[in-house]
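Subject: Structure for you to look at

Hello,

Please find the structure below. My notes on it follow.

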Amino acid sequence: MTAVWTTIGVLTVVSAAIKATGPVLVGGRELPGWAARIIALLAPALLAALVVVDTFADGKALVLDARAAGLAAAGISVALRAPIIVVILVAAAVTALVRAVT
Amino acid sequence: MRATADRPQARPAGVRNWPLRAGIRAGLPLMLPTFAIGLSFGVLAVSLHWDPAAPIVMSIVVFSGSAQFASTSVLGDGGTVLAAVAAAALVNARFLPMGIAAAPAFKGGPLRRAAEGQTLVDASWALANDEGRFDRGILIGATLPQFVGWVGGTLVGALAGSAIGDPKALGLDAMFPAFFLVLLAPELRNRRSLEVAIGGAALALALVPIVPPGLPIVAASAAAVVGALRE
C-alpha cells in the first residue's frame, strides 16, 4: 500500500504542475497569429486521436473489439442528431450487447 | 451547447448570472459518463486489493481519469512508483498544448492561474473551445459536474466493488470515445478540420504500438501544426 499512497502523492504534484504550466507561462497574453492558427486546429486533431485510441487501442496493441461496434452505433446516433446522453448510452448498450453475444 | 453561454441576459441579475452557470449546465450531460468511468476505476482499484480509501482520495486530488488508469495498471502489473508516475505524466502531457491554448481565458496572477488551470479536462476544454478562443465560464464550470460524477462514481465503485462485477460487461468503457465523437462531429463539416482530424487519428493509431500510452494523443498535435502551415 505504501507504493500506492506514494504514487498518489507524487502524481498529484506532477499532474497539477502539468495543468498549471500553460496558464502560468502564457499568462493572459493573446497568442501570436501563427500560434492561434495551430490552436484552432488542436481540437479536431486531439479529439480524433482520443476517439480512435479509446476505441482501437488496448495498451500498446491495436484491436478491433466490441468498442468498435459501440462507436459505430454512436456515429449513427450523432448523424441522427440524438442528444449527447443518448449517444453515450447507445454506445455503452451496443458494446455490452456485442460482448454478451461474443 | 456553446450557444447557452451567449444567450442574452434575460434573467435577473445576481447569482443567476454567475458566469459558471452556463458552464455547469453544459457539463451536466457529462456527469453520467464520468460517474460510470469513475465507478470502473473504483472497482479496478479494489480488485487490486487497494484500501478503498486510496482510489477515492486519488480521484479527489489527481482528478484525471486517463492518468489514474495508467498509473494504476502499471502498479497492478508490478511496476515501480516511478514507472507509474511516468506513465501518468505521459498520458497527461496533452494538457501542455491544451493549457497553452486555453491560457488567455484564465484570470489573475500566477497562483490564481495555476489554480484555475487545475480545472482543465478534455471535455471542458473541447466544450469551451470556439475556433481557438476559450470561454472561461465553460472551461471551469463544465468541470464541476464532472468532478462530482468522477468522485461519486469512484466512491460507489470502491465501496460496492465486487458486487458490481466487471464494468466492461456493461460497456462503460465505450462511453468516452462516444462522447469525444459528439464533440468532434461539428469539426468535421469544415474541410481543413476534417483533414486535420483524419491526420491526427492516423498518426495516433500508427504510434500506439511504438510509443508508451498517452504519447500518441500528444503527437496528434502535429496534425494541427501541419494543417496550420498549409493555410
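Contact here means heavy atoms within 4.5 Å. The model is predicted, so local features need pLDDT of at least 70 and side-chain atom pairs count only at pLDDT 80 or more, while totals for chains, interfaces and linings use all residues. Residues are numbered from 1 along each chain as its sequence is written, chains are lettered from A in the order in which they are written, and side-chain values use heavy atoms, with hydrogens and water left out.

The interface: 67 residues of chain A are in contact with 91 residues of chain B. The area buried between the two chains (accessible area, 1.4 Å probe, lost on putting them together, summed over both) is about 6600 Å². Carbon and sulfur atoms give 79% of that area. B:Leu205, B:Val208 and B:Ile217 supply 8% of what chain B buries against chain A, more than any other three residues.

Between the chains the count is 1 salt bridge (a side-chain nitrogen of Lys or Arg within 4 Å of a carboxyl oxygen of Asp or Glu). The side chains of A:Arg99 and B:Asp173 meet in a salt bridge at 2.8 Å, N to O.

One residue to look at is B:Phe179, which touches A:Ile84, A:Ile88, B:Leu30 and B:Ala123, not counting residues up to four places away in sequence.

Regards
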